[in-house]
Amino acid sequence: MNSPVRAFRAVGGTPRFMASGSGAWLTDVDGERYVDLVGSWGPMLLGHAHPAVVEAVTAAAARGTSFGTPAEPEVLLAEEIVDRTPVDQVRLVSSGTEATMSAIRLARGFTGRDRIVKFSGCYHGHVDALLAEAGSGVVTLGIPGTPGVPAHVTADTIVLPYNDRAAVDAAFAEYGDQIAAVITEAAPGNMGIVPPEPGFNAHLARVCADHGALLVSDEVMTGFRAARSGHWELDGKVEGWRPDLITFGKVMGGGFPAAAFGGRAEIMDLLAPVGPVYQAGTLSGNPVAATAGWTTLRLATPQVYERLLATSEQVRRMVTEALSAAGVPHVVQSVGTMFSVFWGVTEPVRDFAGARRQDTDAYTAFFHAMLDAGVYLPPSAFEAWFLSAAHDPEIDSEPLTRLAEALPGAARAAAAAR
Ligand SMILES: *Cc1c(COP(=O)(O)O)cnc(C)c1O
């Protein structure tokens, strides 16, 4: 395994080694086909091996895979991101982890302060200072803190319960003049989907502004996925505020290693070479990765998001019907086109403590029954389910037919495991 959650530790059994993907489907090395509801953990918005993306990437690779100079694809991708989102400028990097790490450094450089506020259950990549109570991957493995991270590195990290305005206010009352930034998932998706309560993100933006701290909104998962520009489109755009810095990844790489952070010009100008905050990468803005990302975003039209939302609503309905028929208590939560299922709970989940109350045994039974029936779900109860534009919303489409056939038995297996 090269990334721990893939190892099936949370659900047991043997991970499937995939040999190929096409549209909504994955095929493993034994030739078994699965409807894919993981989508490489988010990036595959258009489905696997989209012909136009494959063609563009193949042509880009034929022109040379890396130059170590500025090139056109990175400019096109940056322009597309700036066009869709409330950032003035972006810096391209190679992973979401690198994006949040660099955004934190920039926030500290800009404010001249060291403390960072994060929320329990939010995952921002494996950045040393941000691994405290970091949701899915860490919970799944039962790692309490993280060996290898010196105490002084996390000493400046303040971890608060999600959706808790009073806790935010209390932290700022005590440390307001020392806090460089609040970093939050725009809508958490790494403890299952836990939507921000109405006004929560706006509150963070206001408190940060009042105290001279920066709001870093992590849209690595939600960006170009929850909605066309990301989760901001569903709150800040409507309410009239914007984060100081935003991080992106996953969808914007089109299945390649590409990520970004961006924000207000005044802050971004502090980055080297214009400013003194150092940040660099040999493969940053790689022409093949940038071509994959740009092509994916160009193809991700408003119609694609409408279709994705329709499919998401249809699948949520099917799951709820099957679980209700089998008598499995559950809550389905969504933000835009993204959703997840909480097992064995009856109340909405608003924070990490709530998410951890779920019945993971029920999910384990459900997961394996679905896998046996040819549906590939995330191998952890604390993950979002991802669809693609290649999953038709029609109930009689091939992927949804496979799902409909698998669901009743899996729901009964979940009920029996409780
Ligand atoms: C996936 C993810 C990251 C980390 O991105 P990597 O490319 O895996 O390093 C950071 N933040 C959020 C919200 C994510 O979902």
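A polar contact is a pair of N or O atoms within 3.5 Å; within protein, one must be able to donate a hydrogen and the other to accept it, and residues adjacent in sequence count only if both atoms are side-chain atoms. The model is predicted: local features need pLDDT of at least 70, side-chain atom pairs count only at pLDDT 80 or more, and totals for chains, interfaces and linings use all residues. Residues are numbered from 1 along each chain as its sequence is written, and side-chain values use heavy atoms, with hydrogens and water left out.

Start at the ligand. Residues count as around it if one of their heavy atoms lies within 4 Å. Among them are Ser95, Tyr123, His124, Asp218 and Lys250. Glycine 96 places a backbone N or O atom 2.8 Å from a ligand oxygen. For threonine 97, a polar side-chain atom lies 2.7 Å from an oxygen atom of the ligand. The side chain of asparagine 190 has an N or O atom 3.1 Å from a ligand oxygen. On its own, the ligand has 380 Å² of accessible area, and the protein covers 83% of that. Such areas come from the Shrake-Rupley method with a 1.4 Å probe; for residues, only the protein chains shown count as cover.

Stay with asparagine 190. Its loop runs between strand S7 (179–185) and helix H7 (200–211). Helices (H or I, at least four residues) and strands (E, at least two) are DSSP runs, numbered from the N terminus. Asparagine 190 is buried, at 8% relative accessible area. Buried means under 20%, exposed over 50%, and partly exposed in between (1.4 Å probe, protein chains only). Its side chain also makes a polar contact of 3.1 Å with the side chain of glutamate 185. Glutamate 185 is itself one of the residues around the ligand.

Now turn to helix H2 (residues 72–84). Buried in H2 are Pro73, Glu74, Leu77, Ala78, Glu80, Ile81 and Arg84. Seen down the axis, these residues fall within an arc of 160 degrees, so they line one face of the helix. The arc is that of the directions from the helix axis to the C-beta atoms. Glu72 and Asp83, on the other side, are exposed. Cover for the buried residues includes strand S4 (89–93), strand S9 (245–248) and helix H11 (302–326).

Notes:
Contact = heavy atoms within 4.5 Å.
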